[in-house]
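Open the model in your viewer and keep the selection panel at hand. This tour goes stop by stop.

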Amino acid sequence: MQKSLHIDPGKCTGCLQCEMACSYEHTGAINPSKSRIKVFDFEHEGRKVPYTCTQCADAWCMNACPVDAIVIDLITGAKVVKESTCVGCKVCTIACPFGTINYMADVGKVQKCDLCDGDPKCVTACPTAAITYVDADWTGLDRMRSWAAKANTAAVAA
Amino acid sequence: MKHIILGNGPAGVVAAETLRRVAPADDILLVGNEDEPPYSRMAIPYLLEGNIDEAGTYLRKTAGHFASLRIEQRRGRVVAVNTEKQTILFEDGHFESYDRLLIATGSHPVRPPIPGIDLPEAQTCWTLEDARAIAARAQPGSRVLQLGAGFIGCIIMEALVKRGVHLTVVEMGDRMVPRMMTPEAGGMIKRWVEKQGVNVVTKAGVDRIEKGQNRPLTVTLTTGDQLECDLLIVAAGVAPNVAFLEGTAVHVAKGILVDATMQTSVPGIYAAGDVAEAPDLFSGRHLVSAIQPNAVDQARIAALNMAGQPTEMKGVLAINVLDSMGMISSSFGEWQGVEGGDGVERADEANGRYISLQFQGEVLVGATSVGLTEHVGALRGLIQGKTKLGAWKPKLLETPTRFVEAYIACQRPNS
Amino acid sequence: MGWNKKVLRVNLTAGTCTPEPLNMEWANDYLGSRGLASKYLVSEIDPKVDPLAPENKMIMSTGPLTGTMASTGGRYTVVTKGALTNAIACSNSGGFFGAELKYAGWDMIIFEGKSPKPVYLALENDKAELRDAAHLWGKSCWETEETIKRLHQDPLTRVCSIGGAGENGVLYAGIINDLHRAAGRSGVGTVMGSKNLKAVAIRGTKGVSGIRDFPAFLAATTAAKKVLADNAVTGQGLPTYGTQVLMNVINEMGALPTRNHRDVQFEDAGKISAEAMHEKRPTDGKAHLVTNAACFGCTIACGRISKMDETHFSVKNSPKYWGASGGLEYEAAWALGAANGVGDLEALQYVNMLCNEHGMDPISFGTTVGAAMELFELGILSKEQIGLEAPFGSAEALCKLAEMTAAGEGFGKDLALGSARMCAKYGRPDLSMSVKSQEFPAYDGRSIQGIGLGYATSNRGACHLRGYTVASEVLGIPVKTDPLATEGKPELLKAFQDATGVFDSAGICVFTSFAWTLADVQPQIQAACEGDWSMEKLNLVGERIWNMERQFNLAAGLTGKDDDLPPRLKTEPCKTGPGKGVVSGVEQMMPIYYQVRGWTPEGVPETATLERLGL
């Protein structure tokens, strides 16, 4: 069974351990500004929302890539950027309506959540289980996808 | 069922792959008119820069990719389509019949009617062959004049400068990328590239091109100034490849007019990508949006309909992203604003940052940004979703860079 | 190396920002944050300097664990000579500001001199710039933070600032970061205001890459987080109830100072407790508490986010206070509530928000109001002098006085002096519940003897966070001691004080010490930092910091006589509770404490002690 990230903002305390873990895993430094998961703080509602790629089925980023640099990891189902192939054209960054694939000027490539090869470090780091990695069926992934289709897709089934 | 796809750029390739996925038994013929495997023009600047080789521009990297999908590839140039008999005539005299036809022939660079524009040193920048020609002439120390500071003009500047040339850019408009960037953003990009050592002449065109004394070309600008150069790059815009449709029942304006299913005025014939003119998301007016993600979206819709799966496009959204010598900019939708709408513009030129948001009522309809790379796609999400911003609109008018928060708050994607 | 090895020196007089290397020899002796910044301060200023003179300096410093995944590793310290105390001041704060400073590539910022006009420091990675703050002067901390984020067009900019309190010279003005986290005590915000420095805005994207041994660091921090998660206080009590978990506990043991320490139990404690914050209000059916929240890197998350009752008299016409905002911690709830006999939770939250908004220490403000209320009840202060009736228990008076103090109006100017100066002004210095002019926190020094000694000896004036013996005396961490006993308390206090110096200097939160001992912190420091960071060395570092601070205070003119409690605690016994009839044994404990510290009977460190500590 393929798994996916399940995010429960109600449990998030905003500690940013996920951002630290993600950035360390991918860059070797603790640097939340390089994290692929970001916690947004809605101060006046008392609400914190961890936010990252949903690995959506439509994969705008992957479809938009002109050089086939974004591929599906067959084990995790993650849409993964092949850094050696990415030319840094940034087309994917404006194609993704979620804004979860970003250009990193210092390396000249784009980056996005890759589910850490099936062991997402944000999940391990989260002290409150606000981010979990669970069987895809449990996550309301379909709900997310249908939301995505409704709200953002260029295409809707007529 | 036999599908012919004319054009093997991103739209053609994605359409072919989509067809294969949804119509496993159909015949698919993918026709291109260059001597190359399907490749991406978006990657040409990186080729010129030497970051990648030609294989790095290929749309699909796996050997035997198309064969394994039973997508037949052919080289050919179409000269005519008979929409009644459902046949296509190729340049070599050969006919091919189809059940469904997708026209994804893209566009070609325009050569403005300037005396001398056909001299061999006046070069467009569109194909791999063009890239090879430019690479041969753009040597360290050579003088290059680039006509046009549009999308293509901007993204190749860095490669040219990195090749060590002295670059002059001539643009008719009053700023860089006038058709994609607000005056402020276009002005910022102009000043930025000038700081990087590029000579930019705006509100000027090329009057004539002649053989030169010390260098191959002498170019006279409409300002009267004369410049000698080794290479003139013509980047003055592109036009859809529609000539072969003349006299057919396929309605053509600037591009091929299509409906929301990407079907043309002739049933069974579809168009997608740079060649297609599809209804705009907001106004419903027909619009050519010549950029890869749009081409791919349209191709997918066209293919689904060709395979008998009725699918509609909600409307084209113009989106653009540019890297002008390291200054990254993007624009979305009605970035110039709409009548009766309102907006906000914030510039921080010292730090190379700029953002403009344009609203109609409580909906974001357009945006322009400079120096913004984080979560920029959420601008598309907000615009395309026609998201009702409610209380977030005044917040965005105050601090437009909070658009990601607005997106998450209004869409609640994972709650 | 957990350090960036880089210091930013900001000369406000000259308007210059100059980078310089961190003194690594000092880092090796004082670790970081509190210890290291104090070392810089004592080395650079005349101890006798007027705290509000340009010659005083103010240092904002991170520790080697700041900005890392060490739990609670987001703290920064503000070190200066305190405006309230005339002693060394060291206030630390959580939130996200400290980590951002680290991520911008710096360990500390030293502010010196005085700007000729209001400025703020804009720091983006290496780029440091003093910018005009004329348009920010007069704005609250909340408005300042919002305005700067809007000006910079960067919602991720982290800001610390002073509000009206710091601008108007309220002697217990704090520095507020991230809207409701505060370097609150001793008047560090007053010093900032005296320098015409309105705010510091930071954006850091460089991260921390210099951890000495990353795999070991990950293992150590992960293990230590598990200790926090498995502990009943840090794993359950604090996340669920916040520090307010203590309100009913401390009240029951008769250690909740009430009505300016006249009483030790508050009849309305339940109404202002953590439990009350969870209860649904009859007016709108909503609980006062919205959620808990964490500071940077904190896996405890004791922070409270509250929403007020919109119909409450204090805010019914002020929608800006209706949104979710930083809620009551135990100290604020006590100082604004029990200390004044006010049992109106909503009023306390309103004043708590005013303290955050305008940058005031709620402990000193609340207890100063308590003293004023006692002066009022004794007839020493009249309604005319105060401008309103101010008996104990009046929520209306509390709210109004907070507004007046923040605005620098009327009697608010007297309250702005703090209780020691205010009570002296009206002829009753004995009614100020303070040490070294800094007001007591929320534990009674009679029914918890160790903490009383802690207040008396704290280098920054009365404070629970310099040596939180309450952990042992009330909660049994790490061992249970009898709160009413004086025996063994000097030794216990010294151990807590020295260990706390290390916690504070590492860049972590002292609340971890509900679960962590120094042995849990040591492997994290050792993995992050170059050099030897054994338990022996850390103990020595803690003790060295304490003695360095002490020496500064002695040189500033304080003496052993200032290590004392107000007469009330020594002569008026607890009226109720388990400590009924008991007074503070501070006078018996003090000589032993000095001895344990290796100090003379006058409270001066012996030469041998200084030599042992390398001072």
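Contact here means heavy atoms within 4.5 Å. Keep that cut-off in mind for the first stop. Note too that this is a predicted model.

**Stop 1: two domains of chain C**

Colour chain C by its domain assignment: domain 1 (6-203), domain 2 (256-439) and domain 3 (449-613). Now show domain 2 and domain 3 of chain C. Their centres, taken over C-alpha atoms, are 28 Å apart. In domain 2, 21 residues are in contact with 24 residues of domain 3. Between them, these two domains of chain C bury about 1,600 Å². Carbon and sulfur atoms give 59% of that area.

Which residues of domain 2 of chain C lose the most area to domain 3? Select C:Val435, C:Lys436 and C:Gln438. Together they make up 38% of what the domain 2 side buries.

Next, look for charges. Three salt bridges link domain 2 and domain 3 of chain C. For one of them, pick C:Arg568 and C:Glu374: the closest N and O atoms are 2.6 Å apart. On the domain 2 side, α13 (362-377), β16 (434-435) and β17 (438-439) of chain C each give two or more residues. By class, that side has seven nonpolar, six polar and eight charged residues.

**Stop 2: helix α8 of chain C**

Select residues 232-241 of chain C, which form helix α8. Which of its residues are buried? They are C:Thr234, C:Gly237, C:Leu238 and C:Pro239. Show their surroundings: these buried residues pack against α7 (214-230), β13 (289-293) and β14 (303-306) of chain C.

Now check both ends. At the start of α8(C), a side-chain oxygen of C:Asn231 comes to within 2.7 Å of the backbone nitrogen of C:Val233. After the helix comes C:Gly242, with a positive phi near 70°.

**Stop 3: chain B meets chain C**

Bring chain B into view. The contact with chain C takes 10 residues from chain B and nine from chain C. The buried area is about 720 Å², with 36% from carbon and sulfur atoms. Highlight B:Arg353, B:Glu398 and B:Thr401: they supply 50% of the area that chain B buries against chain C, more than any other three residues.

Two salt bridges cross this interface. Zoom in on B:Arg353 and C:Glu124, whose side chains meet in a salt bridge at 2.6 Å, N to O. Finally, colour the chain B side by class: two residues are nonpolar, three polar and five charged.

Methods. Residues numbered from 1 in each chain as written. Chains lettered and ligands numbered in written order. Predicted model: local features only at pLDDT ≥ 70, side-chain atom pairs only at ≥ 80, totals over all residues. Heavy atoms only, no water. Buried < 20%, exposed > 50% of the residue type's maximum accessible area, 1.4 Å probe, protein only. Helix = DSSP H or I, 4+ residues; strand = E, 2+ residues; numbered from the N terminus. Polar contact = N/O pair within 3.5 Å; in protein donor to acceptor, adjacent residues only side chain to side chain. Buried area = accessible area lost by both parts, 1.4 Å probe. Salt bridge = Lys/Arg side-chain N within 4 Å of Asp/Glu carboxyl O. Nonpolar A, V, L, I, M, F, W, Y, C, P; charged D, E, K, R; others polar. Domains from an automatic or database assignment.
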